[in-house]
Every structure is written in structure tokens, then in C-alpha cells.
Amino acid sequence: MSSQDKSVELQTFDKWLKDACNNGAVPVVTGKNGDMDTIGSAVALSAAHPNMMACGLHLGRTAKRMVESLKAPFRKLSEHQTVWPKNIGGIVVVDAAAPGQVGITLPKDVPICILDHHSTCDWVLGENDLLLQWNVRATTQIVDEYLSNYTPESRTPVVRKMLLAGLLTDTARFRHADKGAFQTAVNLLQDDDI
């Protein structure tokens, strides 16, 4: 995907996200594996707007340590007793290539946006839904690209640490990194000491 295509997709995503936030709460739901890329992406994206909240079924060991040590906002959901906000403007699902990878039933008739770096996609999308599926090493790269371009003030040290941890774990400490992953790491390490 060219940088121009990514730019157009990010612009579309920004409009979708602003519309959703104007219409109500926007849960940022993680894949049920709860790995660091998933949790880091959700927590970081949620920093972009007060109507957004990172949530999901499970926190992996590394993700749990990071959330606790950084006091990052993340709400654990229950597989059978999840109570959704009454007024939902949209749902963002991060790092899940299919509905079954979320582990819970999402509310019906709510616009959904999928952010994912996996090569497969088993979501059935409606006309108000959106898919950003990039050929990158980690979903955190998509989130950081969005935050850098549309809400740079949300890229606090905590947000950048969550994104960097997701990138590190999904690339096996850069063993599976490519040029784009290294560039994202450089961008995350700029400004403040991490």
C-alpha cells in the first residue's frame, strides 16, 4: 500500500472516528488473546478522544504488567455479562482478523471499524463499517501513524510506551521487523526519554 493510500485511509478513519465519538461512547475492543500489540493499540488509540475506552476479555502477562505499571486505562469485559454503554457511536476492534477472535458478542446495528495487520479478514462489513488492514508488522504501527497525523498531543510517554511494547513483542524484539517497524520505533523514541 502506498503512502498516499495510507493517507486516504487515515483521513477516512479520522472522519469515521469523529462521527462515532460525536454519536456516543466508542469502545476500543481488543482481540481475546490480549497480547501486547492488541492491548497497546487499544490503550493508545483510546487516548485520542475522551469518549473512547480500551476494553477486552483478557490481558496477557506482559500487557497486564504494562497496564498496571503505567496505570493505563483498560476495562476488562466479561464473556457472558458484558454491559455495553446505552449510547454507542461505534466500536473499534483492534488486532482481530475475525469476530470469533474478540471472544464476546458485539452489539448489533453499531458501526464497526477494524484495525488489523493480519493478512486474513473474516469480518462481514456493512456500509457504515470500515477496515484498515495494513501490511505492517504490528497493529501499533497503524495506531501510531493515526495519532501522529491527527492527534499528536495524545502521544504522551505512556501512550508511546504502550505502542513501543506492542511493536517489540509482535516483532519478537525486532527479529521479524522490517524497515517500517524500525521507523515506527524511531518515531516512538523521539522527544522524551523512554
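Predicted model: local features only at pLDDT ≥ 70, side-chain atom pairs only at ≥ 80, totals over all residues.
## Exercises on pockets and helix packing

β1 (26-30) and β2 (52-56) each contribute at least two residues to the lining of the second largest pocket.

**Exercise 1.** Describe the second largest pocket by its volume, its lining and the classes of its lining residues.

*Solution.* Begin with the space, which amounts to about 150 Å³ in the second largest pocket. Next, take the lining, which consists of 13 residues, with Pro 27, Met 53, Cys 55, Arg 75 and Pro 85 lying nearest the centre. Then ask which element gives the largest share: this is β2, with 3 residues.

**Exercise 2.** Locate Asn 87 and find which residues, beyond four places away in sequence, it touches.

*Solution.* First place the residue: Asn 87 sits in the loop between β3 (75-76) and β4 (91-94). Leaving aside residues up to four places away in sequence, the contacts of Asn 87 are with Asn 23, Gly 24 and Ala 25.

**Exercise 3.** Describe the largest pocket, and state which helices each supply at least two residues of its lining.

*Solution.* The volume comes first, and for the largest pocket it is about 220 Å³. Its lining is made of 13 residues, and those nearest the centre are Gln 141, Glu 145, Gln 183, Thr 184 and Asn 187. Assigning the lining to elements, one finds that α4 (139-150) and α6 (179-189) each provide at least two residues, while the largest share, 6 residues, belongs to α4. By class, the lining of the largest pocket comprises 3 nonpolar, 7 polar and 3 charged residues.

**Exercise 4.** Work out how α3 and α5 are oriented relative to each other, and list the residues through which they meet.

*Solution.* Helix α3 (residues 61-70) packs against helix α5 (residues 157-170) at an angle of about 165°, and the axes are 11 Å apart. Angles over 145 degrees count as roughly antiparallel, and α3 and α5 are therefore roughly antiparallel to each other. The crossing of α3 with α5 is right-handed. On the α3 side the contact is formed by Thr 62, Met 66, Val 67 and Leu 70, and on the α5 side by Val 158, Lys 161, Met 162, Ala 165 and Thr 169. Sorted by class, the residues of this contact are 6 nonpolar, 2 polar and 1 charged.

**Exercise 5.** Repeat the analysis for α5 and α6, giving the orientation, the handedness and the contact residues.

*Solution.* The axes of α5 and α6 come within 10 Å of each other and cross at roughly 155°. With the cut-off of 145 degrees for a roughly antiparallel pair, α5 and α6 are therefore roughly antiparallel to each other. Their crossing is left-handed. From α5, Arg 160, Leu 163, Leu 164 and Leu 167 take part, and they meet Ala 181, Thr 184, Ala 185, Leu 188 and Leu 189 of α6. The classes in the contact of α5 with α6 are 7 nonpolar, 1 polar and 1 charged.

Notes. Residues numbered from 1 in each chain as written. Heavy atoms only, no water. 1 Å grid on protein atoms, 1.4 Å probe; cavity = no way out; pocket = protein on both sides within 12 Å on 5 of 7 lines; lining within 4 Å. Points joined across faces, edges and corners; volume = space filled by probe spheres on them. Nonpolar A, V, L, I, M, F, W, Y, C, P; charged D, E, K, R; others polar. Axes fitted to C-alpha atoms, helices over the stretch in contact; angles between N-to-C directions. Parallel < 35°, antiparallel > 145°, perpendicular 65-115°, else oblique. Left-handed = near helix turned anticlockwise from the far one by under 90°. Contact = heavy atoms within 4.5 Å.
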